[in-house]
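Student: I would like a close look at one part of this model, the salt bridges and the residues that take part in them. Please set out the geometry and the criteria together.

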Amino acid sequence: MTARSAKAARPRPARRPSTVRKPRGGRTPSGPRGLHTRLRRAWDRPLTAYYLILGGSLLITVLGLVMVYSASQIKALQSGLAPTYFFRKQLLAAVLGGGLLLAASRMPVRLHRGLAYPLLAVSVFLMCLVQIPGIGVAVNGNQNWISLGGPFQMQPSEFAKLALVLWGADLLARKQDKRLLVQWKHLLVPLIPVAFLLLGLIMLGGDMGTAIILTAILFGLLWLAGAPTRLFVGVLGAATLIGALLIKTSANRMSRLACIGATDPGPGDQCWQAVHGIYALASGGFFGSGLGASMEKWGELPEPHTDFIFAITGEELGLAGTLSVLALFAALGYAGIRVAGRTEDPFVRYAAGGVTTWITAQAVINIGAVLGLLPIAGVPLPLFSYGGSALLPTMFAIGLLIAFARNEPAARAALAMRQPVFGRRQAGVRWKTMRRRVKKRPSGER
């Protein structure tokens, strides 16, 4: 008997019964379990935050342009202007904002930090100019605009949001490097005094909505810096007391507070805007009345293309349209939190967290007012409502998030792998595709 026949005659051990069979070649199992595994792997990829920020912000901006065009036509005709007047201005602002977004996404972190102090100084200077008669312009009772000539105006307080984010992030990062944030005085000074200076200049013009957004950014920075609960309670108590005093001393703010949850305009039609915003949402149904078919924009709903554009979206695109907008903002907020949570650079963490707080808080305040859950604060929906002064700094801030998401080590490696190399040979490796590398064979090998 040969060795081969002896080996063949040897009895084979019996296999163990197995209930779960592993897929060959590391394949993902099929069915719901496999779908969940594939989704989890896709969600955990290094470029997920990058694509969410880039795609979400662009979709919000494009949808906002469509809704500005639809919601502003009647307003423009009533003012004796061309029906595309507001749309053309918003499109110009979006193009300029796209340039700012691209520039910010390509800037190194060092240059972002270098812009902090100049931007803060310019913002304070412009907000001081707003209070000078002949330079500052009052709109809807709030003097917080500067005329640039012709139909163009600028609201410096919108740029103050970006200035506070960059300056506060740079300040806290430098103090963290020196291990000074464990002391209350270094945590509060000079962050709180400078923030109060910006808030005071904004409140001189009567814009409480923007002041609320700046307060939210301040709380977001303090939270990221690890401020103790007692400090939060103290600062929140002081802010609540000051806010209550400002609301109590203003009849306009008291009427807005009284319109929360209103179902009829009330005496003197003081809740007219809030109620007609609810009417617009209620008449939209699941899929809306159709793009351009809104009835409330025909003079019934004030500010249909700015503060209450979400109501027109609900009327024309229905529940599906409003949920889509909410999902895009939720994805943008998640991506910002992910960027802030995964970085080891303190400046990137504070800046990403500040921008995320800014955009999400402003979106919540605007949408909450339209739904009748919050008082009308007069703040636009970020990237969506009409207004170049709000769109430009917001798109620059989105560019910051994109730059931070690109600079993660895993994201840099993934982006480098996706770049094709044509006509170059490195270390004996020839690139045949963007994903696969083939070892170059030595000469003479067949």
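Tutor: A salt bridge here is a side-chain nitrogen of Lys or Arg within 4 Å of a carboxyl oxygen of Asp or Glu. The model is a predicted one, in which local features need pLDDT of at least 70, side-chain atom pairs count only at pLDDT 80 or more, and totals for chains, interfaces and linings use all residues. Residues are numbered from 1 along each chain as its sequence is written, and side-chain values use heavy atoms, with hydrogens and water left out.

pLDDT is the predictor's confidence in each residue, from 0 to 100. Its average over the chain is 86, and 87% of the residues score at least 70. Helices (H or I, at least four residues) and strands (E, at least two) are DSSP runs numbered from the N terminus. Confidence is highest in helix H15 (residues 346-370), at 97, and lowest in strand E4 (residues 429-431), at a mean of 38.

The salt-bridge criterion gives a count of four. One of them joins the side chains of Arg 113 and Asp 170, at 2.8 Å from N to O. Arg 113 belongs to helix H5 (residues 109-114) and Asp 170 to helix H7 (residues 156-177), so this bridge ties together parts that are 57 residues apart in sequence.

Asp 170 also forms a salt bridge with Arg 174, where the closest N and O atoms are 3.2 Å apart. Both of these residues lie in helix H7, four residues apart, or about one turn of the helix. Through shared partners, salt bridges join Arg 113, Asp 170 and Arg 174 into one network.

For accessibility, buried means under 20% relative accessible area, exposed over 50%, and partly exposed in between (1.4 Å probe, protein chains only). Asp 170 has 5% relative accessibility and therefore counts as buried. Arg 113, with a relative accessible area of 23%, is partly exposed, and Arg 174, at 32%, is partly exposed as well.

Helix H7 holds a further pair: Glu 158 and Lys 161 are three residues apart in it, separated by about one helical turn. Their side chains meet in a salt bridge of 2.9 Å, N to O. Glu 158 and Lys 161 are both buried.
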